[in-house]
Amino acid sequence: MNSQTLREARRFEEATEKTLNQSERPAFHLAARIGWMNDPNGFSIYKGRYHMFYQYYPYQPVWGPMHWGHAVSKDLLHWEYLPTAMAPDSPYDRDGCFSGSALELPDGKQLLMYTGVLALPTANGGIQEIQTQCLAVGDGVDYVKYEKNPVITAEDFPADFSRNDFRDPKIWRKEDGTYRCIVANRHKEEEGQLLLFESQDAFSWKFKKIFAENHNRYGKMWECPDFFALDGKHVILTSPQDMFPKGFEYHNGNGTLCLIGSYDDETESFTEEADQAIDYGIDFYAPQTILTEDGRRVMIGWLQNWDTINHGKQNIKWFGQMSLPRELSIRNGRLYQWPIRELETLRHDRIEYQNVKIIDKVILSGVEGRRVDMEITVRPGNQEKIYRKFDVCFAENELYHSQVSFRPYDHIMRIDRKFSGSLRAIIHQRRCKVIDSDRGELKMRVVLDNTSVEVFINDGIQVMSATIHTDMNAQGISFYADGEVEMDIVKYTLD
Ligand code: FRU
């Protein structure tokens, strides 16, 4: 039986989504059905469709008591909303159903594993959050919370681990049919760690060990872990809070971290070999991955960052969107990302220019729009005198523009949305140090979808993403060089 809280959320979203102006929403990125969206949750394949759940507060475009929103897709680009999957309606999760994951059980049901949050008043007038791991079982639309929830609590692990920061379980099934999950946590020194739990049946769980430790290297608390095999390596993805910057690799605040290493299945031990940021732009957090039926590891993240959530336009009844689905690979010890190949099925109206000389500003006929896929190759127009700067401007008119700029002499790529229409004093620019950009040669794939830009640099070795809530009249695209640039471009409209 659905609770009153769940029924209300379902009624509300159905009644109010009709009032949204669809032309100002992303066309092929999943966005909040109405109200607020954060992290992707329960990204999985079930009954022949991709399922994406998400942190959801339907009633306002701000964070509130977390529900799980729900959408399904055949290609990860066209999404159909399903009714809210879970609401904070039980004694152990009445202050929120936080992030988690999903899988199909051997009996054909879908299992959701999530964090239940209970906020208890403390003696000194504050609030203490108790976070526990909980389950719900369903048929792909309706879910029933497990009667023995919560299934993992602070009773299950050593006393010097935090019970307030214990969340975001990532569950998987091993080949031998048993289950594992990793959960983000802190120990008494406040440092992040990932805890490994094991289960025979996915319902009763035992603490196994600390799976990974931060040692205060990458922020404090790690949120939303994922773990998987990829191209002969194993990968942990996690999103650290309270990061201290490190060169151009990590930025202040909420960031993303990819640890690449090896894994010994006997001892269930992960050994770190390399670390890097996942996305070098402004907005990307808490990604989850799936393995598609044809063997691709595909990642989707929240195309937002906790430190920049305040720049939405007023009077808009939704906030929050997901990133493009990105195919992952490891090459030369680095994580590469590339837009899911299904995106190519949305391409039409191909326009190509070769050897375009860019000296000062150039506008190319047919190159415009807010739903666009552009492959751009750049080289110096004069080998003796390499250009100083190259810009791609988009979402542009007399009032607005956003841009990516590349400076070959220091290999810096900058994404800049200062003139995107934002009225808030938040981060509008971010820089990254481009790998493999010798002598002013650079490749970029730029994907725009109404309210976002994602830039894949040099075959996807680095990605920079940002949201832009620019007026939809700003449809222009232009190119600029300080010095001489020669450019090839293939541009498609995406619909
Ligand atoms: C990360 C996060 C998670 C938590 C959720 C709450 O963005 O803080 O750790 O489960 O958001 O909405």
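Between which two strands is the loop where Ala202 is found? Ala202 is found in the loop between strand S11 (192–199) and strand S12 (205–213). This is a predicted model, in which local features need pLDDT of at least 70, side-chain atom pairs count only at pLDDT 80 or more, and totals for chains, interfaces and linings use all residues. Residues are numbered from 1 along each chain as its sequence is written, and side-chain values use heavy atoms, with hydrogens and water left out.

**View 1. The loop with Ala202.** Ala202 is a residue other than glycine with a positive phi, near 75°. Ala202 is buried, with a relative accessible area of 0%. Buried means under 20% relative accessible area, exposed over 50%, and partly exposed in between (1.4 Å probe, protein chains only). Strands (E, at least two residues) are DSSP runs, numbered from the N terminus.

**View 2. The loop with His411.** His411 is not a glycine, yet its phi is positive, about 60°. With a relative accessible area of 24%, His411 is partly exposed.

View 3. Pro150 has its place in the loop between strand S8 (143–145) and strand S9 (161–173).

**View 4. The largest nonpolar core.** This core has 57 residues, of which Ile376, Phe390, Met413 and Phe479 touch the most other members. Strand S31 (residues 476–494) gives the most to the core, with six residues. A second, separate core of 29 residues includes Ala31, Met52, Tyr54 and Ile340. A nonpolar core is a set of buried Ala, Val, Leu, Ile, Met, Phe, Trp, Tyr and Cys residues joined through side-chain atoms within 4.5 Å.

Key
Helix = DSSP H or I, 4+ residues; strand = E, 2+ residues; numbered from the N terminus.
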